[in-house]
Amino acid sequence: MSRKLTDSHTMKNTINSPYTRFFTETIEVGRMSPFAFFEAGFQKYKEERFYWQNADQTLTLVGIGHAVTLTSDLHEERYKDISNQWNDLCNTLIKEEEDAAPILFGGFSYDPNQVLQSEWNQFPSAYFAVPSFQLKIEDGRSYVSINLVTDKPEASLEFEWLRQERDRLIHLAQVKEFSFQYDNPIVSMEERGKDRYIEAVNNVTSLIQSGKADKVVIARSLVLHFEQELSAVAALYAISNEQQESYQFALQHNDCLFFGATPERLIEMKNGKVLSACVAGSIRRGNSAEEDKQLGEALLADSKNREEHHYVVEMISKVFRTHCQQVVVPKNPKLMKIRDIQHLYTPVEGKIASESDIFTLVKALHPTPALGGVPTSAAMEIIRQEEGMDRGYYAAPIGWTDSSGNGEFAVALRSALINGKEAYLYAGGGIVADSNAEDEYDETWVKFRPVLRALGGQLNG
Ligand SMILES: C=C(O[C@@H]1C=C(C(=O)O)C=C[C@H]1O)C(=O)O
Ligand SMILES: [Mg+2]
């Protein structure tokens, strides 16, 4: 290892200084709760943590501390900006065969062209971090990596300190009893701009009827005020028990935590194979198995919901046909049943054709008509005008990539931003020509449920 650390650098170094080097070292550890590891970072790295679990629960990632952060304030070019910074950094990577690929985790804002003062003001249009301490649990085995980005010619001492710190965190996570109190009553709940939301849905329906767009997704937010400061790990733990079959994510930025459980995969890239998912069209779960089945069948047969869904399939298929080969898109949607809601669901797959990296695909896909609309640019303009809200990172891509080019991004739905004693929850729905504002309003309540319940809020209806 000391050989690696004093290795002189013949590679291309373009980050910060010509001497930048990116070291990584992985050890396998015994079973460890990802929440306990996340919490082990509380004291020293409270504002520098992330959490991710994929929908089929085969991969869990936790990051503690920042080896480096990559951010962008660009608009259209923010994907390319992050991709370039990441590639430059990876060109300085010094890694042994057996070390896990270092992870870059983060997200993009929904729409950098929406300029409003909001709870998202501190967030750049793209925010990513390589963790100093990276836990990866894959297929039941746990690995902890140290990542270090340095421009010092001699890094052995710093790396030795990181090893001690890693061992301290592992010990804390494995030995210290992991518990928290989650008794934090809600003092009040504000529906921000309920009337405005209803009005926006009505306006958008008229705009669609007059041919200005085919579909536009309109969202709204709720603010919860709590008695005490919210606990990140408690929120995370609660949401993970809410909605098992979804991606669970949490991204800390300064004193904010953005977290949620989303059913919607934007893109997965694994050794050249690419997967996406069209998720749009919704109905509630039934109170009995029989009613649930009837509701599911009604959803599959409903023309308004099929239309909402169809636009998403059309767009994602088109992006796949541009960037991939062997594209497979089933003819008809299936049902995706999650705890509170049933969605129409069509998986899309292919093999990456060109030199496209995951960021190229994220850019090409975001926003799909599941969160934007058709045509995209008209829908975005209508959202900016009618919604009157800053979506921040809600409804936007969140996820990871690694130094080998694999990665996965989900669409950050069923989510909330927590900051101190406040939580901001977001939910929306796809509006088409025959949408009804009251029904859409009810649909947003169903979509608020998982996060609302995770935070200890009352169910509405
Ligand atoms: C906008 C949201 O969800 C999207 C809208 C849906 C709909 O209108 O049927 C369904 C799934 C998502 O594509 C949300 O959860 O906030
Ligand atoms: Mg809908």
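Modeller: Asp139 is found in the loop between E6 and strand E7 (141–150), where helices (H or I, at least four residues) and strands (E, at least two) are DSSP runs, numbered from the N terminus. This is a predicted model, in which local features need pLDDT of at least 70 and side-chain atom pairs count only at pLDDT 80 or more, while totals for chains, interfaces and linings use all residues. Residues are numbered from 1 along each chain as its sequence is written, chains are lettered from A and ligands numbered from 1 in the order in which they are written, and side-chain values use heavy atoms, with hydrogens and water left out.

Although Asp139 is not a glycine, its phi is positive, about 45°. Most residues other than glycine have a negative phi, and most peptide bonds are trans. With a relative accessible area of 63%, Asp139 is exposed (buried means under 20% relative accessible area, exposed over 50%, partly exposed in between; 1.4 Å probe, protein chains only). Gln326, likewise not a glycine, has a positive phi of about 50°. Gln326 lies in strand E14 (residues 324–328) and counts as exposed at 55% relative accessibility.

Trp120 and Tyr393 form a stacked aromatic pair, 5.8 Å centre to centre with 10° between the planes; rings of Phe, Tyr and Trp (its six-membered ring) pair if their centres lie within 6.5 Å, and planes under 30 degrees apart count as stacked, over 60 as edge-to-face and the rest as tilted.

Pro375 sits in the loop between E17 and H11, and the bond joining Val374 to Pro375 is cis, with omega about -15°. The bond from His366 to Pro367 is also cis, with omega near -10°, and Pro367 occupies the loop between H10 and strand E17 (373–374).

Helix H10 (residues 358–365) packs against helix H4 (residues 78–90) at an angle of about 170°, with their axes 9 Å apart. Axes are lines fitted to C-alpha atoms, for helices over the stretch in contact, and angles run from 0 to 180 degrees between N-to-C directions. H4 and H10 are therefore roughly antiparallel to each other; angles under 35 degrees count as roughly parallel, over 145 as roughly antiparallel, 65 to 115 as roughly perpendicular and the rest as oblique. Tyr79, Ile82, Ser83 and Trp86 of H4 meet Phe359, Val362 and Lys363 of H10, contact meaning heavy atoms within 4.5 Å.
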